[in-house]
Amino acid sequence: MTQNAVGVDFAQRLTDNPTTAERRAAILEDPGFGNYFTDHTAVIDWTIDAEGRGGWHQARIEPYGPIAMDPAAAVLHYGQEIFEGLKAYRHADGSVWTFRPEANAHRFNRSAKRLALPELPPELFVESLRQLVSVDREWVPNGEGEALYLRPFMIATEAFLGVRPAREVSYRVIASPAGNYFGGALKPVSIWLSEHYARAGHGGTGEAKCGGNYAASLAAQLEAEAHGCKQVLFLDPYNDNAVEELGGMNIFFVFTDGRVVTPALNGNILHGVTRDSVLQLASDRGLSVEERKITIDEWRASVADGTLAEVFACGTAAVITPIGELKTAEGSLVSPEPGPESVAMSIREQLLGIQTGAVEDFHGWLTRLA
Ligand SMILES: *Cc1c(COP(=O)(O)O)cnc(C)c1O
């Protein structure tokens, strides 16, 4: 048992069969994204007692491995599931830190509410990351732009085919060493404009981080791949084709007069921690930032009259990625490749610098994990 600040004991059952140092070194040489997993997982169960009170219990670290689950588990039928994504960064002195985990913890609870899942105390969320990273700290890469990607998630495990919120739930965290999200050097990506599919609708689950939203985006992703694009842009067809976001990243526009614009959070759009951080760092620089509706027509017009300087996507996995081209069925909108002085690249460098401990963290965004 390891006592901690939250007053919850995490029992530890460590693997008898850890990855060898040689194998781990080979994996960390070129981890890619989401291909390999560390030796352990953090788990906390939630159940409802006879009086109808729900509670979290049996916090533990276990060897990484398959989950035994009843085939009737609600998550397998009705998709009652949420997740988070954040990274652990190794600093020059060997310590391991993460970025704004409280923001992820609060978003996790907002997602939980929307999917009728139980909320997890934010301190327990952060402690679960600390526990996992402590036992698997050798897996945190130290190459430039590399990190250990942490994936907390919550699933409805109750075996019951009736439709109601599950009374048995499991929270878990897995971890995966990550290199550059898109692979290779950072170059602008092409994205595909989805005109037949939406990922979210008003009153739906757009601002929850749930697997269902991703399932709904995959047909559009296939369409994108058929057009040579790795990512999809979704619009709100019932709101003048307002730009919403990519399948898993928020979007920003920078105009030649220095304005930085991102779609306002309207219930359909995921509250990105990177999005919020970019808004803060842009306004720290004295740039004028606007969260507002921006339509595909405004995008077209600003490319045509030369007032659009940069377009970029942002999220934890890929940090900030310039968008070079929006491909549509009617032709494409091209943005110039951003130089090092561009808003996209300079904020990217500052953000990565804060995360890796190379640049001063004057907003107090970092939390030490190990
Ligand atoms: C996770 C996610 C993002 C990015 O959020 P970050 O907190 O910046 O990682 C953006 N859009 C969607 C749909 C997401 O699921």
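Why does glutamate 290 count as partly exposed? Glutamate 290 counts as partly exposed because its relative accessibility is 21%, and the label covers values between buried (under 20% relative accessible area) and exposed (over 50%), with a 1.4 Å probe and protein chains only. The legends below come back to this residue.

**About the model.** This is a predicted model, in which local features need pLDDT of at least 70 and side-chain atom pairs count only at pLDDT 80 or more, while totals for chains, interfaces and linings use all residues. Residues are numbered from 1 along each chain as its sequence is written, and side-chain values use heavy atoms, with hydrogens and water left out.

View 1. Let us start with the ligand, which has 15 residues around it; Lys209, Tyr214, Glu245, Thr274 and Thr316 come nearest. Here, "near" asks for a heavy atom of the residue within 4 Å of the molecule or strand. The shell is made up of 4 nonpolar, 7 polar and 4 charged residues. In this sorting, Ala, Val, Leu, Ile, Met, Phe, Trp, Tyr, Cys and Pro are nonpolar, Asp, Glu, Lys and Arg are charged, and the others, Gly among them, are polar.

View 2. The side chain of glutamate 245 places an N or O atom 2.5 Å from a ligand nitrogen. Methionine 249 uses a backbone N or O atom, 3.4 Å from a nitrogen of the ligand. For threonine 316, a side-chain N or O atom is 2.6 Å from a ligand oxygen. The ligand taken alone exposes 380 Å², of which the protein buries 96%. Such areas come from the Shrake-Rupley method with a 1.4 Å probe; for residues, only the protein chains shown count as cover.

View 3. Side chains of opposite charge can pair when their charged atoms come close. A salt bridge needs a side-chain nitrogen of Lys or Arg within 4 Å of a carboxyl oxygen of Asp or Glu, and the structure holds 18 of them. One joins arginine 60 to glutamate 62, with the closest N and O atoms 2.7 Å apart; both residues are buried. In another, arginine 199 pairs with glutamate 245 at 3.0 Å between the closest N and O atoms. This pair links distant parts of the chain, 46 residues apart: arginine 199 is in the loop between strand E9 (189–193) and helix H5 (211–226), and glutamate 245 is in strand E11 (residues 242–246). Helices (H or I, at least four residues) and strands (E, at least two) are DSSP runs, numbered from the N terminus. Arginine 199 and glutamate 245 are both buried.

**View 4. A salt-bridge network.** Here is glutamate 290 again, in a salt bridge with arginine 259 whose closest N and O atoms are 3.8 Å apart. Arginine 259 counts as partly exposed, at 25% relative accessibility. Salt bridges with shared partners join Asp257, Arg259, Glu290, Arg292 and Glu298 into one network.

View 5. Most residues other than glycine have a negative phi. Glutamine 58, in strand E3 (residues 54–63), has a positive phi of about 55°. Asparagine 241 has a positive phi near 55° and is found in the loop between strand E10 (231–236) and E11.

Definitions and conventions:
Polar contact = N/O pair within 3.5 Å; in protein donor to acceptor, adjacent residues only side chain to side chain.
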